[in-house]
Amino acid sequence: MLDGKTKVYGVIGDPIEHTLSPFIHNKIMEKLKENKTYVPYHVERNQLGDAIKGAWSLKIDGLNVTVPHKETVRQHLIGMDDFASQVGAVNTLKYTKEGYYGYNTDVYGLGRSLEVNDIELKGSNVLLIGAGGAARAAAVLCASKGVKKLMIMNRTLSKAEELACMVKTYYEVDVEIYPLSVKPLAKRIDVAIQTTSIGMHPYEDQMVITEDLCAKIQVAVDIIYNPKETLFLKVAKKKGAKVVNGLEMLFYQGIKAFEIWAEEELPRDLQKNLLEELKEYLERRL
Ligand code: ATR
């Protein structure tokens, strides 16, 4: 029941109809029996500033930010955490009396999803496929965890180069860049992280790298969760790799956002139950 004391949270994006965040957050609120609610808001590009000002006036306690606002929202904030400024994107806002403060919980979400799957980045040879927004978060995670080598492979080499420069500005890390046509020199790829939208509808029958390169991969991670197994994951699995899709990354970025708003950690057993519920919900919905 909503009443005069209900605290409101939400997610802003364009489009917004397909977001899974309301499911995740309303479930947490329900399980914790808290007087909070979480709603999707459709905010167009040219109304972002007004929307942020309005939300702040309404004292909306927390917001998630999704495409296409993750980068542009930064100019409307009073500050942001280190990951957000390194990645250049914000996906979580927390209300303060001075304005909203921004966080990037995508880096954390990917990190946690690797951790729960026993995947170690420290000291690993990592292949990063793609150099867009999602790749930036993955690159920051890899560098902050102390990978041995980060190999960035992208269709447009100049973008891979830009990403390499960004990472090296903040971290001491060995970075190599490759166009799609050149196979990385490393004998073994401990972890490969696929960050492009290739593999998702309408590109279900495509993958960015060659089958041949897949054979070198020990652990294949795709940030896509629909379909559950992209062609990249299918091929890597066939060649003997362990595979992880993007559902846990999505889930744990949401968990972290909630923890930032609540200023406390969510019990692990609650997280586990909720992840199972999210998986069931997706099975029904997709
Ligand atoms: P996001 O923010 O979701 O990561 P993005 O910033 O548009 O999206 O990045 C998309 C990534 O997918 C880029 O690495 C892009 O490669 P380019 O930098 O060469 O554009 C990659 N990508 C998109 N379509 C592709 C395709 N058909 N083949 C290979 N890579 C593709």
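Let's start with Tyr95, which is buried at a relative accessible area of 18%; buried here means under 20% relative accessible area, exposed means over 50%, and partly exposed is in between, with a 1.4 Å probe and protein chains only. Please keep in mind that this is a predicted model, where local features need pLDDT of at least 70, side-chain atom pairs count only at pLDDT 80 or more, and totals for chains, interfaces and linings use all residues. Residues are numbered from 1 along each chain as its sequence is written, and side-chain values use heavy atoms, with hydrogens and water left out.

So, what about the rings? The count comes to seven aromatic pairs. The rule takes rings of Phe, Tyr and Trp (for Trp, the six-membered ring) whose centres lie within 6.5 Å; planes under 30 degrees apart are stacked, over 60 edge-to-face, and the rest tilted. One of the pairs is Trp56 with Tyr95: the centres are 6.1 Å apart and the planes sit at 25 degrees, so this pair is stacked. Because Trp56 belongs to helix 2 (residues 48-57) and Tyr95 to strand 5 (residues 92-96), the pair ties together parts 39 residues apart in sequence. Helices (H or I, at least four residues) and strands (E, at least two) are DSSP runs, numbered from the N terminus. Trp56 itself is partly exposed, at 31%.

Tyr101 and Tyr103 pair too, with centres 5.3 Å apart and planes at 65 degrees, so they are edge-to-face. Tyr101 is partly exposed at 27% relative accessibility. Ring pairs also link Tyr9, Tyr38 and Trp261 into a cluster.

Next, Asn104. You'll find Asn104 in the loop between strand 6 (99-103) and helix 4 (106-116), and at 3% relative accessibility it counts as buried. A polar atom of its side chain lies 3.0 Å from the backbone oxygen of Ala89, and the Asn104 side chain reaches the backbone nitrogen of Asp106 at 2.9 Å.

Finally, the ligand. Which residues surround the ligand? They are Gly130, Ala131, Gly132, Gly133, Ala134, Asn154, Arg155, Thr156, Lys159, Thr196 and Ile198, each with a heavy atom within 4 Å. For side-chain N or O atoms, a ligand oxygen is 2.5 Å from one in Thr156, 2.7 Å from one in Asn154 and 3.2 Å from one in Lys159. Taken alone, the ligand exposes 640 Å², and the protein buries 64% of that, using the Shrake-Rupley method with a 1.4 Å probe. Thanks, everyone!

Key
Polar contact = N/O pair within 3.5 Å; in protein donor to acceptor, adjacent residues only side chain to side chain.
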